[in-house]
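Please look over the structure shown here.

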Amino acid sequence: MSTVPTFTAADTAPPLTGSVGCDVTGATLEAHIRWADATITSRAATVTDAAMGTWSLAWQPTDLTSARVGTARVEIQVTYADSTIQTVGPAPFTVRDQIA
């Protein structure tokens, strides 16, 4: 059983990380996040280990907001060097409000 990552509203660290479970050498990755408020954010994810298929997504200051508290889902769209596309996910994560 995997643990659902939890992030705090207004934070910008740690990044969201994950794995697509296959080699992504030469591929580009785009993250699509559906927030608890039903908005969607899409932007490039950084490949951290191509052979292992791991990635990270740095938070922007407007990402983790009080309006987005709740369960969000991320999917990663992989575009391989030969232009084929594979979508992995969605995987849940939680945004919680700050205590103070």
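## Trp55 and its surroundings

Trp55 touches Leu16, Thr17, Gly18, Ser19, Val20, Leu29, Ala45, Thr46, Val47, Thr48, Val74 and Ile76, leaving aside residues up to four places away in sequence. Contact means heavy atoms within 4.5 Å. This is a predicted model: local features need pLDDT of at least 70, side-chain atom pairs count only at pLDDT 80 or more, and totals for chains, interfaces and linings use all residues. Residues are numbered from 1 along each chain as its sequence is written, and side-chain values use heavy atoms, with hydrogens and water left out.

Ser56 sits in strand β5. Ser56 is buried, at 15% relative accessible area (buried means under 20%, with a 1.4 Å probe and protein chains only). Gly18 lies 38 residues from Ser56 in sequence, yet their C-alpha atoms are 6.5 Å apart.

The largest nonpolar core has 22 residues; Leu16, Leu29, Ile33, Trp55 and Phe93 touch the most other members. Such a core joins buried Ala, Val, Leu, Ile, Met, Phe, Trp, Tyr and Cys residues through side-chain atoms within 4.5 Å. β6 provides the largest share of this core, 4 residues.

## The largest pocket

Thr17, Gly18, Trp55, Val74 and Ala91 lie nearest the centre of the largest pocket.

| Item, largest pocket | Value |
|---|---|
| Volume | about 180 Å³ |
| Lining | 13 residues |
| Lining from β7, which gives the most | 5 residues |
| Nonpolar lining | 9 residues |
| Polar lining | 4 residues |
| Charged lining | no residues |

Notes. Buried means under 20% relative accessible area, exposed over 50%, partly exposed in between (1.4 Å probe, protein chains only). Helices (H or I, at least four residues) and strands (E, at least two) are DSSP runs, numbered from the N terminus. On a 1 Å grid over the protein atoms alone, a cavity is a set of points where a 1.4 Å probe fits but cannot get out, and a pocket is an open set with protein on both sides within 12 Å along at least five of seven lines; lining residues have an atom within 4 Å of a point. Grid points are joined across faces, edges and corners, and a volume is the space filled by probe spheres set on the points. Ala, Val, Leu, Ile, Met, Phe, Trp, Tyr, Cys and Pro count as nonpolar, Asp, Glu, Lys and Arg as charged, and the others, Gly among them, as polar.
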